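I opened the notebook to record what I looked up in one model, entry by entry. The sequence and coordinates go in first.

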Amino acid sequence: MKRLVLATGIALIGGIGAWQGVEALQETNTEAPALPLANSGDTSNAAPAAKTKPSATPAGPDSDTLSRTETPMADRVAVVGLLNKRNGLERDLTMKPGQAIRVGDVVVRLRACETSAPWEAEPLTGAFVQLDVEGRDTRWRRVFSGWLYKESPSLNVVEHPIYDVWPKSCAMTHPDIGPDTIMASAVGAGAPAAQRSSAKKSPDDDDAATAAKPAAAAAPPPSASSNSAR
């Protein structure tokens, strides 16, 4: 009995020590899966694909100062929360897409993160996370792979008895110009009416103006007295 209690204590201390140690793993696959923010109900594992957004073609002198690109995936920084339900310990993992961090017997991989643009109706913060856990047989098993959302955690749940993971933030910038942005021209909209056209009217315009004038009044008919005088 004493040996069993002693072994249990050593295992618990070892587990806490492993949880406190964080090891960054080198990832070679930096391709990011497509983000289904437009249809937040779809949380399936999408195939890796580069995401592009249509850019507007603005007019005017101020269009050169506006940004038309967003932060590349490799330059974004996400904060992912990791909870150990067994001992109640929680930690924040800061990583970039393509990086992985090992905490004890669990490995958290971040493949992508993104936030919805300011002009979109529903603000969302999403991260594509993969969770690998080492079993008692020293074999690693993937227990989760998919998109997680900060604002709507119920859309996709990590079903594991010990570990839970969720996105907290994704540092990135969006273009100042949206796909439906229309830039007003600096000339023409506010010009006075006298300056809108200085061209000489054509003869057709003069004929139309003459036809629009009221016809001259007709001469009064001769009266009966004038007819008798004749």
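How many aromatic pairs does the structure hold? I found one aromatic pair in this model, which is predicted.

**Entry: the aromatic pair**

I looked up the geometry. The ring centres of Phe128 and Trp147 are 5.6 Å apart and the planes stand at 85 degrees; with angles over 60 counted this way, the pair is edge-to-face. I then checked the location: Phe128 is in strand β6 and Trp147 in strand β7, so the pair ties together parts 19 residues apart in sequence. I also noted that both Phe128 and Trp147 are buried.

**Entry: the chain as a whole**

I counted three helices and eight strands in the chain. Read from the N terminus, the order of elements is α-β-β-β-β-β-β-β-β-α-α. The chain has 230 residues, and 31% of them count as buried. I took the contacts with a separation of 6 or more and found that 59% of them are between residues 24 or more positions apart. The accessible surface of the chain comes to about 15200 Å², and carbon and sulfur atoms hold 55% of that area.

**Entry: strand β6 and its partners**

I asked how β6 is placed. Nine of its ten residues are buried, so β6 is largely enclosed by the rest of the structure. On one side I looked at β5, which pairs with β6 in the antiparallel sense over nine bridges. The pairing of β6 with β7 is also antiparallel, over nine bridges. I followed the chain from β6 into β7 and found a hairpin with five residues between the strands. In that turn, Thr138 has a positive phi of about 65 degrees.

**Entry: the nonpolar cores**

I looked up the largest nonpolar core and found 22 residues in it. Those with the most contacts inside this core are Leu82, Leu93, Val106, Val108, Val129, Leu131 and Val165. Two or more residues each come from β2 (77-84), β3 (89-95), β4 (100-103), β5, β6 (125-134), β7 (140-149) and β8. Another core lies apart from the largest one; it has six residues, including Ala112, Phe128, Trp147 and Tyr149.

I listed the contacts of Val108, leaving out residues up to four places away in sequence. Among them are Val80, Leu82, Leu93, Met95, Gln99, Val129, Gln130 and Val165.

**Entry: Gln99**

Gln99 sits in the loop between β3 and β4. Is Gln99 buried or partly exposed? The relative accessible area of Gln99 is 36%, so Gln99 is partly exposed. I also took a C-alpha distance: Gln99 and Leu110 are eleven residues apart along the chain, with 5.9 Å between their C-alpha atoms.

**Entry: the disulfide**

I searched for disulfides and the structure holds one. Cys113 and Cys170 form the disulfide, with 2.2 Å between their sulfur atoms. The angle about the S-S bond is 60 degrees, and the link is right-handed. Cys113 lies in strand β5 (residues 106-115) and Cys170 in strand β8 (residues 163-171), so the link ties together parts 57 residues apart in sequence.

Technical notes: Residues are numbered from 1 along each chain as its sequence is written. This is a predicted model: local features need pLDDT of at least 70, side-chain atom pairs count only at pLDDT 80 or more; totals for chains, interfaces and linings use all residues. Side-chain values use heavy atoms; hydrogens and water are left out. A disulfide is a pair of cysteine sulfur atoms within 2.5 Å. Helices (H or I, at least four residues) and strands (E, at least two) are DSSP runs, numbered from the N terminus. A nonpolar core is a set of buried Ala, Val, Leu, Ile, Met, Phe, Trp, Tyr and Cys residues joined through side-chain atoms within 4.5 Å. Buried means under 20% relative accessible area, exposed over 50%, partly exposed in between (1.4 Å probe, protein chains only). Contact means heavy atoms within 4.5 Å. Rings of Phe, Tyr and Trp (its six-membered ring) pair if their centres lie within 6.5 Å; planes under 30 degrees apart count as stacked, over 60 as edge-to-face and the rest as tilted. Accessible areas come from the Shrake-Rupley method with a 1.4 Å probe; for residues, only the protein chains shown count as cover. Two strands pair if DSSP finds at least two bridges between them.
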